[in-house]
Amino acid sequence: MTLQWVFSFAAGDEGDRELLGGKGAGLVGMTKAGLPVPPGFVIPTAVCRAYYEADRLMPEGLWDEVAAAISQVEAETGKVFGDPNNPLLFSVRSGASVSMPGMMDTILNLGLNDTSVQGLANLTGDDQFAWDSYRRFVQMFGDIVFGVPSDLMADVVERARIASGGVDSKIPAAESKALVSRLKDIIEGHAKRPVPSEPRDQLSLAVGAVFDSWGNRRAADYRRVNGISDDLFTAVTVQSMVFGNSGPDSGTGVAFTRNPTTGSPELYGEFLVDAQGEDVVAGLRTPQPISSLAAAMPDVYEQFVDIAERLESHYEDMQDMEFTVEGGKLWMLQTRTGKRTGRAAIRIAVDLVTEGLISREQAVQRVTPNRLEELLHPVVVAGPDDEVIAEGLPASPGGAAGVVVFEADEAAALAESGQPVVLVRQETSPDDFHGMVAAAAVVTSRGGVTSHAAVVARGMGKCCVVGCEEISVDYGQQLFRAGDRVVSKGEWVTVDGNSGQVLAGKIETVDPELDDYYETIMKWADEFRTLRVRANADTPHDAAAARRLGAEGIGLCRTEHMFFGEDRTEAVREMIMAPNSVARAEALARIAPLQTADFTGIFESMDGHPVTIRLLDPPLHEFLPGHEETVLRITDLKLRLRQTKTLDKINRLLNEINEKEEILAQIERLAESNPMLGHRGCRLGIAFPEITEMQVRAIFTAAVRCAERGVEVMPEVMIPLVAYATEYRNQEQVVRRVAEEVLAAHGLRIPYSVGTMIELPRAALTADEIAAHAEFFSFGTNDLTQSTVGLSRDDSSRFLPGYVMRGLIAGDPFQSLDTTGVGQLIDIGVERGRSVRPDLKVGVCGEHGGDPASIAFFQKAGLDYVSCSTYRVPVARLAAAHAALATG
C-alpha cells in the first residue's frame with residue numbers, strides 16, 4: 001500500500017489528529033468550515049516517524065507530493081514559490097497530536113532571499129516591512145536550522161531595536177538590510193555554511209529542522225514531565241504567509257474563548273498592532289488586551305468573536321486561537337483545545353454542562369486529576385508593610401517563595417540540592433524549560449499572558465508572573481532592577497501568581513478556599529467512581545483535614561509517628577533501653593495514655609468511617625540518637641570531664657557519660673546492615689509482645705471512650721510486614737485477646753477487624769494462606785516495590801532519573817506503579833486472597849494510592865479502596881472516577 005505523505009488543508013481528515021497533528025487537524029477543520037484560513041498543507045506524523053526510522057532521511061516520494069501541494073497553493077493565492085517579483089512565502093510549524101506549546105520550532109517568511117525581498121517591497125510599496133520580514137526569516141533560520149546561539153543574533157537585533165525606539169516596525173529599511181547582512185555573517189561564521197537562497201532548499205532544511213525538534217531536550221523534557229509518548233511524533237504544517245507586520249491596519253493576536261486562568265466565559269487574549277505572531281509568543285513586546293482590537297478594528301473584532309463562538313461550539317471545548325490581520329482582513333492561523341489552570345478546567349467543564357454542550361461524564365473526564373492540586377496550593381498573605389518590588393500580569397496562579405536565579409541550569413542545580421528558587425528572565429525560551437520545571441515560580445520582565453513563560457507555567461501548574469515591565473534584568477551582574485530597588489542573585493522573593501506581584505523576602509502563604517464549581521465536579525466524580533478513597537493520616541489534625549477534603553476513612557495511621565513528640569521521646573527510649581519485659585512495660589505505660597489520646601482524636605474526626613491503624617513498623621534504633629551524634633557527645637563530655645575540678649560537676653558528667661555509653665551500646669546492638677529487611681514490623685511485636693499489647697489497649701480504650709459519647713468507631717488493626725501466615729496468626733491472637741479484654745471490661749461490643757499489610761512478595765504469593773485468617777489486605781506498595789524491584793526508595797533517587805531519561809524504564813516506580821512487575825504481585829494477591837475469602841476487603845496505602853495512573857490499575861485489579869496523603873485525596877477521588885468511566 002502506498003502511503004500518502006502530504007495532505008492539503010482542503011482534503012485532510014479533521015478527525016485524524018494522530019496523523020495530521022493538532023495544528024493540522026484544526027486548520028483542516030477551519031478550512032472545511034469555510035473560515036478564512038491561508039491555504040497550505042500538512043506533512044503528517046507518518047513522515048516524521050519514517051524520518052527517524054531511516055536515521056533522519058526523508059521518505060522517497062515526499063518532495064514530489066510537496067511540489068504538487070505547492071502548485072495547488074500557488075493556484076489559490078496567485079503567487080509563485082521562488083518567484084522574484086511575486087513571491088509565495090510560507091510559515092513552517094510543528095504540530096504534534098498532543099499540544100506542546102513552545103516546545104518545538106517554527107520558521108516564518110520562508111521563501112525570501114536577496115532578490116525576492118525586493119519583489120515583496122515592490123508589491124507592498126514598503127521597503128521597511130519587506131526587509132524586516134527578511135531579517136526575521138534569516139534570524140529564525142539561523143537559530144532553528146543551523147543551531148546558531150540565539151543570543152548572538154538577538155543582541156545585534158536588540159541594539160537596533162532600542163536605537164529605533166524599541167519596536168521592530170520602526171527599524172529603518174536600511175538598518176534592517178544591514179542587519180540581514182550582519183546576521184548572515186554570524187550564521188556563516190558559526191555554521192560554516194550560508195543561509196540558502198533557493199526557496200526549495202530552505203523548505204527542505206526547515207522541515208528537517210522541525211522534525212529534529214521533536215527530539216530536542218526541551219521537547220523530550222516536556223513529554224517526560226507531562227507523560228506524553230515519544231512515539232507520537234510531530235506533523236509539519238506549511239502555510240502561506242499573511243503579514244501582521246505590514247502596517248497600522250495589520251496585527252497579530254492569540255486568544256482563548258474563555259479565561260484560561262479563571263475559566264470565566266469571556267474572550268481572553270492579546271493583540272499587537274503591526275507585528276508577527278512570534279512577537280506575542282516570544283514575549284518580545286508586551287501586547288494589548290484583545291478588547292483593544294474592538295476599538296482599533298471593530299469589524300474585524302466582530303468577525304473574530306463570531307468565529308470564536310463557532311469554534312467552541314464545534315469542538316465543545318475552550319479554544320486557543322492564533323490569528324493575523326493583514327490590511328484589515330482577518331486570517332485564522334490555528335485553533336486547538338486551550339491549556340488552562342486546574343481552577344479554570346473545573347469551571348469550564350461545569351459551565352459546558354450547564355450550556356448543554358457536554359455531559360457530566362465528559363465534564364469529569366475533562367479535568368485532569370493532578371491539576372486539582374493547584375486549587376490546594378498556597379496563597380500569598382501579603383501585609384501592608386510587605387514590599388512590592390514589581391507588578392506584572394498574573395499568568396499562572398499560586399504563591400511561592402525562593403531565592404532569585406537568572407539561569408535555567410542554576411535553577412535546576414539549586415532545586416536538586418533542595419533550595420527553592422525563583423527563575424527571573426527577560427523572557428523565557430524553550431531552552432529554559434528544565435529551569436522552569438525546577439523553579440518554585442517564574443517571573444519575566446516581558447511578554448503577556450500568552451507568552452512562552454505563561455503558557456508553559458500554566459501547563460505545569462507553576463506559579464508565574466509575566467510582563468513585569470518595571471524589572472530590568474542584568475544577566476552580566478546577575479541582578480535585576482525595579483526602579484531604585486536592586487535584587488541580586490540569592491535574595492529571597494515571593495511570587496504571587498494570583499495578583500501578579502513580586503514581593504521582597506519570604507512571605508506567609510495560606511491554603512485557598514474551594515468554590516461551588518469544585519464542589520460540583522467532585523460531587524459528579526463521587527457519583528461515577530466505585531473505588532473508595534481514604535487518607536494516610538497520623539494525627540487528629542490530619543484526619544480532620546482529610547475529612548474536609550472528602551476522605552472516606554483512614555487507610556493508614558502510622559502509629560510510630562505518634563512517638564516522635566518531645567513529650568514522648570524519653571518514654572520511648574526508656575522502653576528501648578529497658579533491661580527486661582517488666583521495665584519495658586513500665587515505660588510503655590507512660591506512652592499508652594498519649595497514644596490513647598491520639599486515637600481518640602482520630603476516631604472523633606472519622607466518626608462513622610473506618611480507621612486502619614498499623615501497629616509499630618520501623619526498627620527500634622530509629623527512635624534512638626544517631627551513632628555518630630552519640631559518639632561525638634561522649635567525646636565532648638569526656639573532654640569536659642578532664643577540664644573539670646569540682647566534685648559535683650565531675651559526678652554529673654560521669655553519670656551523663658555512663659547514660660550515653662549505655663545508649664551507644666544499645667544503638668550498636670540494634671544496628672542492622674539492612675534495616676528495611678531487618679527487625680521491624682510484625683517481627684518487633686513477636687519479639688516484644690508487650691509493645692503490641694500496649695498499642696492495641698490504647699486503640700480500644702480510645703474506641704470505647706468515643707463509643708460511650710456516641711461516636712461511631714470502626715477500628716481496623718493492621719499487622720505490618722507479614723511474610724508468613726504464622727507471623728500473622730501470632731500477632732492476631734495478641735490483638736484479639738487484648739481487644740476483647742478492653743471491650744469486656746467496659747461491657748461494650750464494637751465491631752472491629754484485623755488484617756495485614758501486603759508489602760513482601762512472599763505475602764502476595766501466599767495470600768491464600770494469610771487470607772484464611774486476615775479479614776482485609778492493604779497493599780503497602782512502597783515496600784512492595786522496594787522488595788520486588790530490589791531498589792531502595794531513598795538511595796535509588798540518585799540514579800533512577802537517569803534510567804528514565806535513557807528510556808530504560810518508563811517512569812520512577814516509586815511515583816507510578818510498576819504495573820507489570822509489582823502489579824502482577826497485586827493481581828496474584830487479590831486473586832489468591834479472595835479464593836479463600838470472597839468478601840476480603842482489599843486496599844492500597846502506599847504513595848501510589850494518590851497517583852492517577854496507578855489508580856487506573858487498582859480499578860482494574862478489583863481493589864475496594866485507595867489511601868493517599870491528605871492533600872492528594874481530591875486527586876484520588878477524581879482519578880477513581882476517570883478509572884471507573886474508562887472501564888465502562
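This is a predicted model: local features need pLDDT of at least 70, side-chain atom pairs count only at pLDDT 80 or more; totals for chains, interfaces and linings use all residues.
**Entry 1: terms and the overall picture**

I started with the chain as a whole. The protein chain has 888 residues, and 55% of them count as buried. I get 33 helices and 31 strands for the secondary structure. The C-alpha trace spans about 100 × 75 × 55 Å along its principal axes. For the accessible surface I have about 35,800 Å², with 49% of that belonging to carbon and sulfur atoms. I also checked how far apart in sequence the contacting residues are. Among contacts with a separation of 6 or more, 69% are between residues 24 or more positions apart.

**Entry 2: nonpolar cores**

Which residues have the most contacts inside the largest nonpolar core? I find F41, I43 and L203, in a core of 77 residues. Helix α5, residues 127–144, gives the most to this core, namely nine residues.

I then looked up the neighbours of I43. Leaving out residues up to four places away in sequence, I43 touches W5, V6, L62, V66, V207, F211, A235, V236 and V238. As background, nonpolar side chains in soluble globular proteins tend to be buried together.

**Entry 3: a nonpolar patch outside**

Next I went over the surface. F799, Y803 and L808 make up a nonpolar patch there, and together they have about 290 Å² of accessible area. L808 sits in the loop between α30 (800–805) and α31 (822–836). Is L808 buried or exposed? Its relative accessible area is 55%, so L808 is exposed, since the cut-off is over 50%.

**Entry 4: salt bridges**

My search of the whole structure turns up 48 salt bridges. The idea behind the search is plain: side chains of opposite charge can pair when their charged atoms come close. I picked out a few.

- E158 and R446: their side chains meet in a salt bridge at 2.9 Å, N to O. E158 is in helix α6 (residues 150–163) and R446 is in the loop between β16 (441–444) and α17 (452–460), so this pair ties together parts 288 residues apart in sequence. I have E158 at a relative accessible area of 18%, so E158 is buried, the limit being under 20%.
- R182 and E175: here the side chains meet at 2.7 Å, N to O, again in a salt bridge. R182 has a relative accessible area of 35%, so it falls in the partly exposed class. E175 is at 27% relative accessibility and counts as partly exposed.
- R736 and E775: this salt bridge comes out at 2.8 Å, N to O. The pair links distant parts of the chain, 39 residues apart, with R736 in helix α26 (residues 725–746) and E775 in the loop between α28 (767–771) and β29 (776–779). R736 is partly exposed at 25% relative accessible area, and E775 is partly exposed at 29%.

I also noted a network: D526, R529, R532, E552 and R877 are joined into one by salt bridges that share partners.

**Entry 5: strand β16 and its partners**

I came back to β16 to see what it pairs with. Strand β15, residues 421–425, pairs with β16 in the parallel sense over four bridges. In that pairing, R425 stands opposite T444 of β16. Strand β17 (residues 463–466) also runs parallel to β16, joined through three bridges, and V443 faces V465 of β17.

Which way do the residues of β16 point? A441 and V443 point one way, V442 and T444 the other way, and all are buried.

For β1, I checked the pairing with strand β2, residues 40–43: two bridges join them, and they run antiparallel. F7 is the residue standing opposite V42 in β2.

Key: Residues are numbered from 1 along each chain as its sequence is written. Side-chain values use heavy atoms; hydrogens and water are left out. A nonpolar core is a set of buried Ala, Val, Leu, Ile, Met, Phe, Trp, Tyr and Cys residues joined through side-chain atoms within 4.5 Å. Buried means under 20% relative accessible area, exposed over 50%, partly exposed in between (1.4 Å probe, protein chains only). Contact means heavy atoms within 4.5 Å. Patches are made of residues with over 30% relative accessible area and no salt bridge: like charges are joined within 9 Å, nonpolar side chains (Val, Leu, Ile, Met, Phe, Trp, Tyr) within 5 Å. Accessible areas come from the Shrake-Rupley method with a 1.4 Å probe; for residues, only the protein chains shown count as cover. A salt bridge is a side-chain nitrogen of Lys or Arg within 4 Å of a carboxyl oxygen of Asp or Glu. Two strands pair if DSSP finds at least two bridges between them.
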